[in-house]
Amino acid sequence: MQSAPENGSKEPKGRSWTVSIAVAGSIVDNTQSLELASLISGQIARAAAIFNVDEIVVYDDSERSAKLSAKSRKWKECAADTGGVFLARLLQFLETPQYLRKSLYSVHVSLKYAGMLPPIDPPHHLRQMEWLPYREGVVVEKRPDDGGSFVNVGIVKDVRISQFIKAGTRVTVAMGDDPSYKKLYARKLKAVPPTEPREKSGLYWGFSVRLASSLSGVFTECPFEDGYDYTIGTSEHGEQPDSSDLVIPSFKHLLIVFGGVTGLEHSLKEDDNLEIEEVSYLFDRYINVCPDQGSRTIRTEEAILIALQFFKKPIQRSCSKR
């Protein structure tokens with residue numbers, strides 16, 4: 001096997017901190033067709049992978065907006081899904097390595113154009129003959145005679161792991177230090193937490209996708225024990241610092257939030273669980289990442305790319321002090 005190209009994603013040591021983004025699922029309801037909605041989903045997935053985002057949170061603007069979204073959109077496929085459900089499903093599909101998709105996803109109308117989207121190609125989307133210390137896999141039905149499980153990790157043969165795990169489960173497998181096929185198939189490997197490649201080896205290992213019930217749910221349903229310790233909202237009504245002057249304090253879990261078609265201000269009005277006058281009160285900073293814009297509007301998928309580039313150096317400066 002040959003080593004996978006590092007392409008700037010491999011760090012010299014483990015990384016404990018994470019970067020999350022949150023986006024309103026209603027952005028796909030404003031598109032003209034299922035194909036265009038899929039394209040927007042692909043652009044968001046690509047942006048997240050390019051800038052090493054660890055988590056994408058998709059939120060429905062509110063319960064009443066969710067009920068209206070499928071009825072108001074111009075394309076009628078996936079009528080039972082809210083914009084948030086549609087977007088989250090597409091993002092999860094695109095994050096999954098290609099060799100696992102047939103095992104993990106059944107045919108669904110929302111995925112009709114997913115195969116035509118540009119691949120996001122993060123490090124864990126390994127080719128068959130590439131080598132990294134970890135691989136994503138799916139547990140297969142066949143079981144070893146001496147216990148454990150067989151896992152399809154996208155190479156010539158299934159590998160064995162020591163744990164007994166239900167068939168059809170996606171797992172991260174520690175492949176060991178020796179890429180020799182013969183030795184690999186002869187020994188039992190181990191399934192590890194999906195965060196281990198990042199925390200132990202500093203590898204960017206794709207993004208998880210979480211569906212939140214509302215804007216407030218982005219915060220209250222956070223999977224991290226102590227929540228997000230630094231949060232940034234993006235809006236044309238925010239402050240306008242230069243990226244070179246922006247100071248982001250040391251953080252463990254950073255969250256950057258984007259609004260829907262009509263911005264975060266509308267998301268606040270539609271959320272019955274929030275009792276604040278200004279949406280900026282939700283965040284540590286409320287920033288306009290593209291002042292003096294020439295277009296009357298900036299689409300959310302464009303704003304994500306602009307913002308992640310804007311925050312790239314401030315995040316690097318913050319993390320270099322650790």
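A residue is called buried when its relative accessible area is under 20%, exposed when over 50%, and partly exposed in between (1.4 Å probe, protein chains only). By this rule E95 is buried, because its relative accessibility is 6%. The model is predicted, so local features need pLDDT of at least 70 and side-chain atom pairs count only at pLDDT 80 or more, while totals for chains, interfaces and linings use all residues. Residues are numbered from 1 along each chain as its sequence is written, and side-chain values use heavy atoms, with hydrogens and water left out.

A salt bridge is a side-chain nitrogen of Lys or Arg within 4 Å of a carboxyl oxygen of Asp or Glu. The count comes to 11 salt bridges. In one of them R15 pairs with D54, with the closest N and O atoms 2.9 Å apart. R15 lies in the loop between β1 (2-3) and β2 (18-24) and D54 in the loop between α1 (34-50) and β3 (55-59), so this pair ties together parts that are 39 residues apart in sequence. Helices (H or I, at least four residues) and strands (E, at least two) are DSSP runs, numbered from the N terminus. R15 and D54 are both buried.

E55 and R210 form another salt bridge, at 3.2 Å from N to O. This pair links strand β3, which holds E55, with strand β10 (residues 208-212), which holds R210, across 155 residues. Both E55 and R210 are buried.

E95 also has a partner: its side chain meets that of R170 in a salt bridge of 3.0 Å, N to O. R170 is in strand β8 (residues 170-174) and E95 in helix α3 (residues 83-95), 75 residues apart. R170 is partly exposed, at 28% relative accessible area.
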